[in-house]
Structure formats: C-alpha cells, structure tokens
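Biologist: I would like to learn how to read salt bridges in a structure, step by step. Could you take me through one case?

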Amino acid sequence: QVQLVESGGGLVQAGKSLRLSCAASGSFFSINVMGWFRQAPGKQRELVAAVTSGGSTNYRDSVKGRFTISRDNTKDTAYLQMNSLKPEDTAVYYCYAQVRVEPGTYDAYYWGQGTQVTVSS
C-alpha cells in the first residue's frame, strides 16, 4: 500500500507564506503525478497544483504567480510553497499521488490526511 503524509499547514496573516510537504511511502513502482487539492467549507474540492515526475507543473489560475509546486523524486516528496496568501486560500489542503503500484497495471490515486490552511485578513 501507499501512504501519503502531509505537513506544514497552519494559521497565517494575509500576505505571509506557508510551505506544505507531502511524503509518500510504501511499496510502489513509480509516482507519476503529485499535487494538492483544496476544499473550503461549503465548496467543492478543487485542484490547486500538480507536478509530474518529469517536472511539468500545472496550477489553477487563482494561485499562479503565488504558489510553486516542486518534488524531490529521490525522497518521493512534493512541496507546495504558498506565498502572498489571501483569505480566500483558506481551506483544507489534500495531497494526492497518481501511483503505478506495479509495472503494467493502471495507476491508482492515493490521498493524504489533509492539512488546514487558514489565512486571516
């Protein structure tokens, strides 16, 4: 099985920064994509950012220029650097990974436990 452990959430003032980490462990062949979704109260879960094993990145428009996603393939860990945070960034952030557990099989999706990010105005 694959486990994802998140860290780095918290309470910050608007304009400040936070860094989230997501570490994968367990038995698997490869991790193709790692990223984060977020969910605010009363809203649907939305993709924030994702990064492929080759380093290609994707961001939702509202975080472009403020958030940076990266990953260390040697540690099976992804990072989300969040700068210039806004109150509307407040949400529970969920790390996910698209994993090839064994060669020749379909990818499976795994989720972290979620971490609260609260930005005060």
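Modeller: What follows is a reading of the salt bridges around one arginine.

Modeller: This is a predicted model, in which local features need pLDDT of at least 70 and side-chain atom pairs count only at pLDDT 80 or more, while totals for chains, interfaces and linings use all residues. Residues are numbered from 1 along each chain as its sequence is written, and side-chain values use heavy atoms, with hydrogens and water left out.

Biologist: Where is R38 found, and is R38 buried or exposed?

Modeller: R38 lies in strand β4, which covers residues 30–39; strands here are DSSP runs of E with at least two residues, numbered from the N terminus. With a relative accessible area of 6%, R38 is buried, where buried means under 20% relative accessible area, exposed means over 50%, and partly exposed is in between, using a 1.4 Å probe and protein chains only.

Biologist: What is the general idea of a salt bridge, and how many does a search of the whole structure find?

Modeller: Side chains of opposite charge can pair when their charged atoms come close. The term is used for a side-chain nitrogen of Lys or Arg within 4 Å of a carboxyl oxygen of Asp or Glu, and searching the whole structure gives 6 salt bridges.

Biologist: Which residue meets R38 in a salt bridge at 2.7 Å, N to O?

Modeller: That residue is E46, whose side chain meets the side chain of R38 at this N to O distance. E46 is partly exposed, with a relative accessible area of 25%, whereas R38 is buried at 6%.

Modeller: R38 also forms a salt bridge with D89, and the closest N and O atoms of this pair are 3.0 Å apart. This pair links distant parts of the chain, since D89 sits in the loop between β8 (77–82) and β9 (91–100) and R38 in strand β4, 51 residues apart.

Biologist: Is D89 buried or exposed, and which residue meets D89 in a salt bridge at 2.8 Å?

Modeller: D89 counts as buried, at 1% relative accessibility, and its side chain meets that of R66 in a salt bridge of 2.8 Å, N to O. Here too distant parts of the chain are linked, with R66 in the loop between β6 (57–59) and β7 (67–72), 23 residues from D89. R66 counts as buried as well, at 11% relative accessibility.

Biologist: Which residues are joined into one network?

Modeller: Salt bridges that share partners join R38, E46, R60, R66 and D89 in this way.

Terms used:
Helix = DSSP H or I, 4+ residues; strand = E, 2+ residues; numbered from the N terminus.
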